[in-house]
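Please load the model and keep a selection panel at hand. The stops below proceed from the whole chain to individual residues.

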Amino acid sequence: MKPTIYDVAQAAGVSIATVSKVINETGRISDKTRKHVFSIMEQLNYQPSMVASALTGKSTYTIGLTLPDLANPFFAEIARSIEDRGHEYGFSVFICSTDNDPDKEVKYLSLLTQKRVDGIISATRIQNDQFLKKLIQQNIPIALITGEMPTLAVDTVMVDDYLGGFQAGNHLVELGHKRIAIVVEDMDNMSNRERIRGCKQAMANAGLYLDEQLVITGGFTVESGKSAMSNLLLLEERPSAVFACNDLLAIGAIRAAREQGMQLPADLSVVGFDNTILATLIDPPLTTIGQPIQEIGRRAVDLLVQEIKGEKVLKQRVVLLPELVLRNSSTSIHHK
């Protein structure tokens with residue numbers, strides 16, 4: 001059986017009230033007694049109940065993190081950043097992967113609140129507005145990353161998706177590409193819509209028009225990116241370049257082109273978005289729009305912990321700048 005607070009008190013030769021004061025850092029307890037009680041707790045491998053602590057209004061020093069897909073290196077790197085920053089503050093992080101399933105998302109958010117986490121960071125879209133409103137009404141600190149909900153007062157840390165899309169489009173336009181395709185996860189996500197809008201604007205600035213036939217919804221995986229690119233390559237007039245709205249889709253596009261016997265980047269230029277570790281491992285190395293992944297995670301934890309500790313009242317919307325990272329998957333149209 002697990003040791004109880006009664007076992008600790010008996011072994012330490014003190015009252016249950018004294019052990020409780022040591023655990024909760026209340027009352028006047030001498031350093032000698034405090035060290036003695038902690039020593040007994042360690043010997044017995046006693047772990048205070050986080051839920052019991054939460055019910056008495058104490059912090060559980062835990063943060064919940066919901067992610068759409070841990071298989072995507074971008075979200076894996078985000079999770080690592082949040083976990084590292086959380087540990088710097090003394091918080092443990094519970095990670096939940098929703099697989100882009102709205103029902104699973106609500107299930108995990110409910111579970112995290114039942115576990116009495118001190119706050120929640122969400123990289124999922126939280127499609128259920130009413131559920132999120134309920135969490136806010138319960139005064140659960142929440143921070144959103146990689147997307148925003150403009151109608152709700154909640155801390156948000158994100159990248160400037162419009163600028164990132166513009167940088168991708170402008171890069172391809174400057175290389176002389178006129179027939180540019182876009183492969184996107186889905187159009188329900190505001191981040192994706194902004195990336196496309198930015199790319200369109202870069203093309204418009206050069207007097208070019210984005211052919212809607214060249215905008216393909218690809219899903220969330222390398223395989224779906226490969227399938228989308230395969231469809232684009234069936235067109236009578238193929239694109240000379242493709243902007244993929246994440247690195248996984250870009251890698252799928254490269255694979256599809258290679259299977260068709262195309263030479264990259266001579267036959268097809270590819271630009272991704274995220275700058276995950278995969279961008280350096282693919283052949284050719286991927287030109288992509290870099291997100292400041294570590295900074296996104298750190299800033300989200302900073303905002304959440306400030307709210308948990310009652311150090312701030314106003315919600316903040318932090319927009320970080322993307323950066324074009326040049327590698328070998330894109331080249332001038334004139335090289336063809």
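**A tour by selection**

Begin with proline 265, in the loop between α11 and β9 (269-274). Display the backbone here: the peptide bond that leads from leucine 264 into proline 265 is cis, with omega near 5 degrees. This is a predicted model, and the torsions quoted on this tour should be read accordingly.

Next, select proline 284, which sits in the loop between α12 (278-281) and β10 (287-290). Its bond with aspartate 283 is a cis peptide bond as well, and omega there is about 0 degrees.

Of the 336 residues, 51% are buried. The accessible surface comes to about 16300 Å², and carbon and sulfur atoms account for 49% of that surface. Among contacts between residues at least 6 apart in sequence, 70% join residues at least 24 apart.

Select helices α10 (residues 222-232) and α11 (residues 247-259) together. How do their axes cross? They come within 7 Å and cross at roughly 50 degrees, which makes α10 oblique to α11. The crossing of α10 past α11 is right-handed. To view the contact, show Val222, Glu223, Ser224, Gly225, Lys226, Met229 and Ser230 on α10, facing Leu248, Leu249, Ile251, Gly252, Ala253, Arg255, Ala256 and Glu259 on α11. By class, this contact has seven nonpolar, four polar and four charged residues.

Keep α10 selected and colour its buried residues: Val222, Ser224, Gly225, Lys226, Ala228, Met229 and Leu232. Their packing partners are β6 (180-184), β7 (215-217), β8 (241-244) and α11.

Two non-glycine residues with positive phi come next. Arginine 116, in the loop between α6 (102-114) and β3 (119-122), has a phi of about 60 degrees. Its relative accessibility is 40%, so arginine 116 counts as partly exposed. Aspartate 274, in strand β9, has a phi of about 135 degrees. Is aspartate 274 buried or exposed? Its relative accessibility is 4%, so aspartate 274 counts as buried.

Finish at threonine 18 in helix α2 (residues 16-24). With 17% relative accessibility, threonine 18 counts as buried because the cut-off is under 20%. Leaving aside neighbours within four places in sequence, threonine 18 is in contact with Ile29 and Thr33.

Note on methods: Residues numbered from 1 in each chain as written. Predicted model: local features only at pLDDT ≥ 70, side-chain atom pairs only at ≥ 80, totals over all residues. Heavy atoms only, no water. Axes fitted to C-alpha atoms, helices over the stretch in contact; angles between N-to-C directions. Helix = DSSP H or I, 4+ residues; strand = E, 2+ residues; numbered from the N terminus. Parallel < 35°, antiparallel > 145°, perpendicular 65-115°, else oblique. Left-handed = near helix turned anticlockwise from the far one by under 90°. Contact = heavy atoms within 4.5 Å. Nonpolar A, V, L, I, M, F, W, Y, C, P; charged D, E, K, R; others polar. Buried < 20%, exposed > 50% of the residue type's maximum accessible area, 1.4 Å probe, protein only. Areas by Shrake-Rupley, 256 points an atom, 1.4 Å probe, with all protein chains shown as cover.
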